[in-house]
Amino acid sequence: MFTDFFYLLKDVGIPVSPTSFLRLQRALSMGLILSLDDFYTAARSILVKSERYFDLYDQAFAHHFKGAELKDPEAFELTEVAKAMLEQWLKNPKEMSELLGVDEESLKKLTPEQLIEYFLERLKEQTEEHHGGNKWIGTGGTSPVGHSGYHPGGMRVGGVSRNKSAVKVAMDRRYRDYSQMGPLTQAQMGEALKRLRNMVPVGPMDEVNIDKTIYQTMKNAGEIEIVFDRSLRDRLKVYLAIDNGGWSMDPYIEVVQTLFNYARAQFKDLKTFFFHNTIYDYVWEDPARFRKPLRVDDLIGHDPETRFIIVGDASMAPYELMATDGSIHIEERTTKPSFERLRDIAEAFPHSVWLNPKMEVEWEYTRTIGAIREIFPMFELSLDGLEKAVSHLMKKN
Amino acid sequence: MHETQQTRQQFTGASKYVLDEELAQIVNISMALEMPLLLKGEPGTGKTMLAHAIAESLNMRLIVLNVKSSMKLVDALYQYDTLTRLNDSRFGDSNRDVSNIEEYIRMGKIGQAFVSDERVVLLIDEIDKADSDFQDDMLDVLDQMEFDIIEIDKTIRAKHRPVIIITSNAKKDLSDPFLGRCNFHHIAFPEPEMMRRIVQVHFPEISAELLDHTITAFYRMRDFRNVEKKPATRELINWIRALKADPDFQVKDLVKGDIPYLGVLFKKSPDYAIARNMVSRMRL
């Protein structure tokens, strides 16, 4: 029973095991599952083993049992919310236009379709601007849209109420925040920090701990037991270079800086540098890229064991990367094309990565990303990407 | 073998624990399938409390194994008290029989759960602290429901399969074989509505006004950006307790944006600094 559903879960990328599927069958045959609601909860707890996949599960469930389309998540949510906004508008045009900060009259002229379009536009703007999670489509705010504010089409966006069918619960996609897809947000800070905690060097267990050995030996009534400890290693130095030019990077700069600053204690040294689009002769220690320039040539002489992490979208005009005088800043005259500079850095710091807030699927569409990937191993600035980047940085060679 | 007994026992919640239906059902299914239930979630979502609540509502004894990073599996199963035996053999002033090793075997928490005469709830708290070897070995034991005591070559079998609740703060990812043997649930942070009920359970006599304003303020503070450790349920409850204990405190202070006892909510100094800053801005 429900074999299709099982394979659907597998197809959407949830690691489900046949054993757990059999276990679900057992639960079914024991008469523990009497309704679709029961099935939703039971199947999730038995089949899905991490909250990261709860969101995918919800989508698959809604698709399988309701025929809801498996849509690109962004589009799904926006249309739902836009519909809700339309309904709200129909009920109370005055309040809605006030909230949107536009003239009631100008909106009244639009047809419903145009209104939906308009709302969608507004929503897209809002999501872009407030990627860090501010109040527009947020929770508990005064906004007409979203959780605790308004119930689009009779269903809540999130919330705990269970007075509704499992399909609707699934369609709510309460676990979106836990899903690992999408760029890093403030909300995922804690999880991201845990990924960074792995950035500590580990030596082999090869030092005899005399005190513990004596203690254990006594405890064994004289039977000698030798206790080994890990040999101590020096903590890491980390250099963080952030592309802080251009609005495309704005939402991520703060996230990345907070992230590494919190992890600071575990590093021996953490330095942050700034650049715009790509690195030429200088990087800057101040975010304005003005007061404290640092020559890349000097930087290259630093300890090669330093972990060098570059954060940037790596998207720019090809000449910026390839031309000798490529910088778009008129006052910045350069002697070497940027890609050579990057190569120098990559050689000077064998442990280096490039973190890109653009998602991997988009990478092939930008030429400069491809060029930079040949120099630096590139990872997504997402929980998954961060995990991979950390394990890459911690490799021995 | 205890089928009838188990199906009769259904978990519906306990006096100090507010349970959502979904979780109750997962607990019941795990009990019926005789599978350990792995609970994940941020600190303060009541993972540990759940085990206490199950034990209370099913009228079972609760045995808690607090996992520590240095722990070896055998510590959780049994201990062979060599030191006492050595002393006994030298001084001979106890009435234990030195030649009988069994007298020096003490059961660890898992061992206690196995030899107990009635069914118990076994809470394995913060499993993620231990290394993965510990986790896998432990699951073997819990699967087989038996372990060997090497020193006396004896196998201990569980008299009754305990109800096993395992909690994890997700500091480390658990291994796949481990996850494969558990049912899984992630407890999300309670929504404001749920939180009201939780607070009411702890403070039955709380005024609606205080409840409203504390909860609104609390969720606003949870939204502060750049905070590493957000205040959780436990902090909220302690905070309300502090507010109630302060004779000078009035609910209207909260409305004004005055937040006393910020230190109860934010316990890390950088977080505290950020919060204080944000609160003073809120007041303006």
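A: One term before we look: a patch is made of residues with over 30% relative accessible area and no salt bridge, joining like charges within 9 Å or nonpolar side chains (Val, Leu, Ile, Met, Phe, Trp, Tyr) within 5 Å. Accessible area comes from the Shrake-Rupley method with a 1.4 Å probe, and for residues only the protein chains shown count as cover. A salt bridge puts a side-chain nitrogen of Lys or Arg within 4 Å of a carboxyl oxygen of Asp or Glu.

Q: Which residues make the nonpolar surface patch here?

A: This is a predicted model, where local features need pLDDT of at least 70, side-chain atom pairs count only at pLDDT 80 or more, and totals for chains, interfaces and linings use all residues. Residues are numbered from 1 along each chain as written, chains are lettered from A and ligands numbered from 1 in written order, and side-chain values use heavy atoms, without hydrogens or water. The patch covers about 840 Å² and is made by M205(A), V208(A), I210(A), I214(A), M218(A), I224(A), I226(A) and F228(A).

Q: Which element gives the most to the nonpolar patch?

A: Helices (H or I, at least four residues) and strands (E, at least two) are DSSP runs, numbered from the N terminus. Here α11(A) gives the most, three residues, and I214(A) lies in that helix. Chain A has 17 helices and nine strands.

Q: How many residues has the largest nonpolar core?

A: A core joins buried (under 20% relative accessible area, 1.4 Å probe, protein chains only) Ala, Val, Leu, Ile, Met, Phe, Trp, Tyr and Cys residues through side-chain atoms within 4.5 Å. The largest has 63 residues, and I110(B), I124(B), M138(B) and I166(B) have the most contacts (heavy atoms within 4.5 Å) inside it. Helix α3 (residues 36-47) of chain A gives this core the most, six residues.

Notes
Buried means under 20% relative accessible area, exposed over 50%, partly exposed in between (1.4 Å probe, protein chains only).
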